[in-house]
Amino acid sequence: MRVYPSTTSKSADHNPGIQYPELAFGAQYGFASIGTNNGHNGTSGGAFFHQPDVLEDFAGRAILAGTQVGKSITKQFYGADLGRSYYLGCSTGGRQGFRAVQKYPELFDGVVAGAPVLKQWGHAAYFGYVKQVLGLNSSSITPAQWSAVQSEVFRQCDDLDGAKDGILENPDSCTLDWTPLLCKYNDTAVCFTDSQAVTAAKLFEPMIYNGTFLGPSQNHGFEPLMIASLYSPLVSSWVPEIMRYMVYEDLSWDPATFTLQDILKGIEKDNFDLSTFEGNISAFRDRGGKVLHWHGGADQLITMRTSNLYYETVRSALNASVAELDQFYRYFRASGVNHCSGGPGASFMGQIGGTVGGVDPADNLLLSIVQWVELGIAPEYIRGTKFINDTRSLGVQYRRKHCKYPKTNKYTANGDGFDEEGWQCVEP
Ligand code: CA
């Protein structure tokens with residue numbers, strides 16, 4: 001018998017609260033599956049206002065209480081001791097998975113944590129910073145200009161990985177030269193003035209305020225989607241809600257006044273350790289736990305660079321080599337995959353409900369964590385599947401193995417990049 005909780009909202013595209021598709025995903029493999037909404041319905045941060053218990057649940061207590069209750073009910077229902085327990089979640093659900101790894105190491109034998117909102121204040125900083133740089137209500141740079149940036153990114157960087165396939169295997173390696181976009185060299189309707197280029201480039205530089213590093217910025221390669229997402233009504237509500245309900249506890253706080261100073265206030269407060277960035281996860285290692293961490297390389301909401309940073313933070317905190325971390329913690333970067341699912345990349349990896357690419361553990365993160373915990377077979381890669389139009393019934397478009405960090409994919413064959421065996425995971 002296995003216990004398998006899943007939790008919380010994943011993205012602007014998903015319903016907040018209990019993730020029923022994940023419960024079905026677990027149940028289809030015979031897990032007793034549990035979900036929690038973290039103590040509020042997820043449609044608004046208003047539930048946090050002057051309700052520290054609700055905020056504490058969101059920050060992490062719900063994962064403890066929900067799992068304890070779930071395990072107890074499961075045991076009573078089946079009248080038997082539990083076997084292994086697993087966790088799977090994405091976005092805030094991914095952060096909650098790491099909350100368990102960091103603070104409640106006894107809860108789970110295996111954890112799958114996707115696109116986690118680790119360093120929560122850094123992400124809040126970015127959401128506010130983008131509006132501060134580009135404009136509160138709409139971007140001063142047009143969608144057509146952002147499309148031109150994306151095209152220029154692919155012109156300059158697509159083949160850094162060896163294949164011009166519309167996917168950046170290692171977006172960190174792409175440093176955009178903005179010069180070709182400037183109106184003085186490119187007199188088109190979508191060209192950038194010098195000052196526009198300086199402004200736009202700020203979104204891809206680390207956020208440092210008064211000497212304090214707040215968080216990494218975004219990667220290149222999905223600019224139009226990122227801007228559209230950050231200006232969506234839902235994401236636009238997050239910074240005002242965080243400030244009004246959690247940081248200042250003042251309903252009159254005006255988002256037009258936002259500066260990164262407000263984020264320093266948030267970091268100072270860090271309600272119930274919401275940042276979830278503890279690098280010393282030795283207790284989880286020592287109890288024999290395994291964690292599979294993954295992040296999409298085209299995540300329009302939560303930058304993959306934060307996941308890179310967390311891996312390095314753990315490596316440093318434990319003074320461990322990659323080979324030593326491999327014993328219990330493996331991190332995979334899924335190229336071209338958007339927040340939790342979707343995108344041009346091979347995005348079906350069994351990472352959340354509705355994303356099963358196959359029943360081989362190599363194709364399925366849930367089955368992979370089970371195989372690692374129960375058989376000791378650890379994944380060297382996660383194989384993603386791209387279905388035509390992301391529709392399973394239309395058939396497979398291509399498959400690609402996503403590499404274990406810090407390795408990155410390199411195309412070494414002569415085809416178009418969509419042949420699976422043409423790729424190799426190499427040191428960057
Ligand atoms: Ca490429």
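Me: Where is P406 found, and how do you know what counts as a strand there?

Reply: P406 lies in the loop between strand 10 and strand 11. Strands are DSSP runs of E with at least two residues, helices are runs of H or I with at least four, and both are numbered from the N terminus. The peptide bond from Y405 to P406 is cis, with omega near 5°. By the way, this is a predicted model, where local features need pLDDT of at least 70, side-chain atom pairs count only at pLDDT 80 or more, and totals for chains, interfaces and linings use all residues. Residues are numbered from 1 along each chain as its sequence is written, and side-chain values use heavy atoms, leaving out hydrogens and water.

Me: What makes N210 worth a look?

Reply: N210 has a positive phi of about 50° although it isn't a glycine. You'll find N210 in the loop between strand 5 (207–209) and strand 6 (212–215).

Me: Why is an area given for domain 1 and domain 2 called buried?

Reply: Buried area is the accessible area (1.4 Å probe) that two parts lose on being put together, summed over both. Domain 1 and domain 2 lose about 3400 Å² that way, so that's their buried area, with 58% of it on carbon and sulfur atoms. On the domain 1 side, K119, Q300 and R305 lose the most, together 20% of what that side buries.

Me: Why is the pair D172 and R305 called a salt bridge?

Reply: The term needs a side-chain nitrogen of Lys or Arg within 4 Å of a carboxyl oxygen of Asp or Glu. The closest N and O atoms of D172 and R305 are 3.1 Å apart, so the pair qualifies. Between domain 1 and domain 2 the count is four salt bridges.

Me: What makes helix 5 and helix 7 partners in a contact?

Reply: Contact means heavy atoms within 4.5 Å. W146, S147, V149, Q150 and V153 in helix 5 meet E223, P224 and I227 in helix 7, so the two helices are in contact.
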